[in-house]
Amino acid sequence: MSTTGPNSTAIGLTTLSRTVASLAVGVVHTLERAVVGEGRVRTARGNAWEAVCADRARADQRAELDRLVAELAAARAAARDRREVRERQPVS
């Protein structure tokens with residue numbers, strides 16, 4: 001990549017890569033300050049996000065448990081129905 005003109009400078013691939021890396025570091029540093037804080041002490045925002053993630057994990061676990069209980073109840077009902085059908089059949 002290069003530009004033309006009296007005050008132009010050539011922009012090489014290495015310059016572009018350093019620029020992208022510098023921007024990425026700036027974003028990460030800003031995010032870290034927002035979540036961890038200046039003194040590396042957790043902030044309310046960081047604690048709130050951790051609580052949201054924990055709530056989501058608990059909700060996923062409850063949903064999985066509910067699914068397993070429903071599956072077990074359905075299997076037991078099906079077994080009970082099969083047993084009742086067998087008991088109703090006449091003995092030859």
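Me: How many residues apart are D55 and R58 in helix 2?
Reply: This is a predicted model. Helix 2 covers residues 44-88, and both D55 and R58 sit in that helix. About one helical turn separates D55 from R58, so the spacing is three residues.

Me: What is the distance between the closest N and O atoms of D55 and R58?
Reply: Side chains of opposite charge can pair when their charged atoms come close. The cut-off for a salt bridge is 4 Å. D55 and R58 form a salt bridge, and their closest N and O atoms lie apart by 2.3 Å.

Me: Is D55 buried, partly exposed or exposed?
Reply: Buried means under 20% relative accessible area, and exposed means over 50%. D55 has 43% relative accessibility, so D55 is partly exposed.

Me: Which residues are linked with R67 in a network of salt bridges?
Reply: R67 meets E64 in a salt bridge at 2.7 Å, N to O. R67 also forms a salt bridge with E71, where the closest N and O atoms are 2.8 Å apart. In helix 2, E64 is three residues from R67, and E71 is four residues from R67. The residues linked with R67 in the network are E64 and E71.

How values were computed
Residues numbered from 1 in each chain as written. Predicted model: local features only at pLDDT ≥ 70, side-chain atom pairs only at ≥ 80, totals over all residues. Heavy atoms only, no water. Salt bridge = Lys/Arg side-chain N within 4 Å of Asp/Glu carboxyl O. Helix = DSSP H or I, 4+ residues; strand = E, 2+ residues; numbered from the N terminus. Buried < 20%, exposed > 50% of the residue type's maximum accessible area, 1.4 Å probe, protein only.
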